[in-house]
Amino acid sequence: MALDRKTPNDLNAFWMPFTANRQFKKAPRMFVGAKDMHYTTADGRQVLDGTAGLWCCNAGHCRPRISEAIAKQAAELDYAPAFQMGHPAAFELANRIIEIAPEGMEHVFYTNSGSESVETALKLAIAYHRARGEGARTRLIGRERGYHGVNFGGISVGGIVTNRKMFGSLLTGVDHLPHTHLPAQNAFSKGQPEHGANLADELERIVTLHGAETIAAVIVEPMAGSTGVLLPPKGYLQRLREITKKHGILLIFDEVITGFGRLGSAFAAQHYGVQPDMMTTAKGLTNGVIPMGAVLTTAAVHDAFMQGPEHMIELFHGYTYSGNPIAAAAGIATLETYKEEGLFERCAELAPYWQEALHSLRGTRHVIDIRNEGLIGAVELEPIAGEPTKRAFSAFLKAYEKGILIRTTGDIIAMSPPLIISKAQIDELIGTLKSVLDTLD
Ligand SMILES: Cc1ncc(COP(=O)(O)O)c(C=O)c1O
């Protein structure tokens with residue numbers, strides 16, 4: 001029997017990720033097409049994409065250059081073994097990533113997702129110190145409310161309680177910095193908030209507690225996206241860099257969301273002017289079209305492994321699909337699209353307009369904070385007493401009915417539109433959201 005791809009009548013088998021499965025299957029929300037700034041629903045409606053899919057389709061949807069590159073590569077070289085063999089596209093893409101990366105980043109290790117990039121970076125950090133004869137440096141420091149994907153390393157250094165509490169004892173030897181959300185001092189800040197740089201000094205306390213010689217790395221999102229858009233207070237990242245450097249601790253920026261133009265520079269490291277030792281990326285690397293991630297490292301990290309007999313594998317780590325030809329082709333076409341259309345610059349140019357549009361929601365019912373940077377924004381709602389997350393989820397459902405896609409986490413609405421959005425579409429997105437909030441219980 002031919003499958004009806006548009007309206008499947010049995011939704012039971014697919015256990016959906018990070019989804020209220022029972023609610024969804026009673027009233028499914030199904031996308032069947034996409035073009036540029038819009039999705040098409042199964043019932044033929046257009047929905048304006050306010051989230052670039054899941055913070056990943058930075059160039060918008062179904063861009064011909066990317067789709068064509070994928071089709072061409074699939075017909076030419078579908079797969080090449082990732083271990084002990086190479087193919088040109090993976091090398092080409094690595095060079096192009098390094099071209100736009102912050103100074104000092106010189107090497108690229110491919111993965112298939114943000115979560116795998118995080119696991120890779122954490123393993124690299126521990127192994128790097130061991131390779132240099134500092135094998136006692138095994139501790140990893142994350143941050144409360146941090147999101148670093150869903151694998152064991154990532155949820156261990158991560159700080160989102162719901163993502164951790166179901167899964168046992170996690171990795172040992174992990175500690176956390178405090179989060180930087182200070183609504184009493186910083187609510188309705190435009191861009192980076194003034195207060196909270198001192199929270200980076202908590203790292204000194206952690207170092208004193210454990211001893212610097214036991215700490216391998218600190219991992220933070222330069223701008224924490226998934227927890228609901230928490231910006232680094234002014235001076236905070238610089239302070240983290242100073243303290244990590246002073247104690248010989250690697251600094252890893254998780255740039256899975258902030259990478260590839262989201263803040264108006266290629267990476268947040270450039271936007272904030274702070275140079276980490278490693279960066280984790282995914283999402284916008286292939287415009288979200290094909291799963292791919294990449295860890296960027298300095299020469300110092302990479303070179304520590306390049307020792308011993310030359311016939312020996314230097315790093316016992318990698319994935320069957322690391323640098324997969326089709327993903328690499330998608331990555332090259334994506335970076336070409338960003339460059340040709342000047343999308344990172346476009347993001348920087350649109351950011352002030354986005355900021356003012358977003359902050360025009362101040363005073364709207366239920367809104368207790370608004371945060372923004374680049375083309376990213378959050379509107380925090382007062383939770384319904386005793387029913388956290390419900391108000392924002394209702395907003396999400398109503399917004400979808402009214403033709404805009406937003407994302408919610410807790411009672412926070414997060415938006416991160418493709419970088420091709422027009423001013424008129426920003427007005428539409430924010431205007432529709434306002435009408436949703438106006439009618440929300
Ligand atoms: C900062 C950060 N790290 C890691 C991840 C995990 O990426 P993935 O879902 O591709 O595994 C995400 C996803 O949103 C993220 O925002």
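Here is a friendly chat about the sheets, helices and ligand shell of this predicted model.

Me: Let's begin with the open sheet of four strands: which strands are at its edges?
Reply: This sheet has the order S1-S2-S3-S13, and its pairing is mixed.

Me: In the hairpin of S1 and S2, which residue takes a positive phi?
Reply: S1 and S2 pair in the antiparallel sense, with four bridges. In that pairing Ala 34 stands opposite Tyr 39 of S2. The hairpin has two residues between the strands, and the one with a positive phi, near 55°, is Asp 36.

Me: And which residue has a positive phi in the turn between S2 and S3?
Reply: Strand S2 (residues 38-41) and strand S3 (residues 46-49) are also antiparallel, over three bridges. Across this pair, Tyr 39 is opposite Val 47, while Thr 40 has Gln 46 as its bridge partner. Four residues lie between the two strands of this hairpin, and the turn residue with a positive phi of about 85° is Gly 44.

Me: Do stay with S3 for a moment: in what sense does S3 pair with S13, parallel or antiparallel?
Reply: Leu 48 stands opposite Ile 404 in S13, which gives you a place to look. Two bridges connect S3 and S13, and the sense of the pairing is parallel.

Me: Now for the sheet of seven strands: why is one side of S4 and of S6 left without a neighbour?
Reply: The order in this open sheet is S4-S10-S9-S8-S7-S5-S6, with mixed pairing. Strand S4 (105-111) and strand S6 (174-177) stand at the edges, so one side of each has no neighbour in the sheet, and what each has is a single partner strand.

Me: Which residue is the bridge partner of Val 108 in S10?
Reply: S4 and strand S10 (residues 293-298) run antiparallel and are joined by six bridges. Within S10, the partner of Val 108 is Leu 296.

Me: Helix H5 packs on the sheet; what angle does its direction make with that of S10?
Reply: H5 touches S4, strand S5 (139-143), strand S7 (215-220), strand S8 (250-254), strand S9 (278-281) and S10. The direction of H5 makes an angle with that of S10 of about 25°.

Me: What about helix H9: what angle does its direction make with that of S6?
Reply: Helix H9 (residues 202-210) packs on the sheet too, where it touches S5, S6 and S7. Its direction and that of S6 make an angle of about 155°.

Me: Turning to the ligand, which helix gives the largest share of the shell around it?
Reply: The shell has 14 residues, and Ser 113, Gly 114, Ser 115, Gly 149 and Val 256 come nearest. By class, five are nonpolar, seven polar and two charged. The largest share is three residues, and it comes from helix H5 (residues 114-131).

Me: How does H14 lie against H16, roughly parallel or oblique?
Reply: The axes of helix H14 (residues 343-359) and H16 come within 10 Å, crossing at roughly 20°. An angle under 35 degrees counts as roughly parallel. H14 is therefore, relative to H16, roughly parallel.

Me: How many charged residues are in the contact of H14 with H16?
Reply: H14 passes H16 in a right-handed crossing. H14 brings Tyr 353, Trp 354, Ala 357 and Leu 358, and H16 brings Lys 423, Ile 426, Asp 427 and Ile 430. Six of these residues are nonpolar and none is polar, and the number that are charged is two.

Me: Last one: how many nonpolar residues does the contact of H15 with H16 have?
Reply: The axes of helix H15 (residues 390-401) and helix H16 (residues 423-438) come within 9 Å and cross at roughly 125°, which means that H15 is oblique to H16. Ala 395, Lys 398 and Ala 399 of H15 make the contact with Thr 432, Leu 433, Val 436 and Leu 437 of H16. One of the contact residues is polar and one is charged, while the nonpolar ones number five.

Terms used
Residues are numbered from 1 along each chain as its sequence is written. This is a predicted model: local features need pLDDT of at least 70, side-chain atom pairs count only at pLDDT 80 or more; totals for chains, interfaces and linings use all residues. Axes are lines fitted to C-alpha atoms, for helices over the stretch in contact, and angles run from 0 to 180 degrees between N-to-C directions. Angles under 35 degrees count as roughly parallel, over 145 as roughly antiparallel, 65 to 115 as roughly perpendicular and the rest as oblique. Two residues are in contact if their C-beta atoms, placed from the backbone, lie within 7 Å. Ala, Val, Leu, Ile, Met, Phe, Trp, Tyr, Cys and Pro count as nonpolar, Asp, Glu, Lys and Arg as charged, and the others, Gly among them, as polar. Two strands pair if DSSP finds at least two bridges between them. A residue is near a molecule or strand if its C-beta atom, placed from the backbone, lies within 6 Å of it. A crossing is left-handed if the near helix is turned anticlockwise from the far one by less than a right angle, and right-handed if clockwise.
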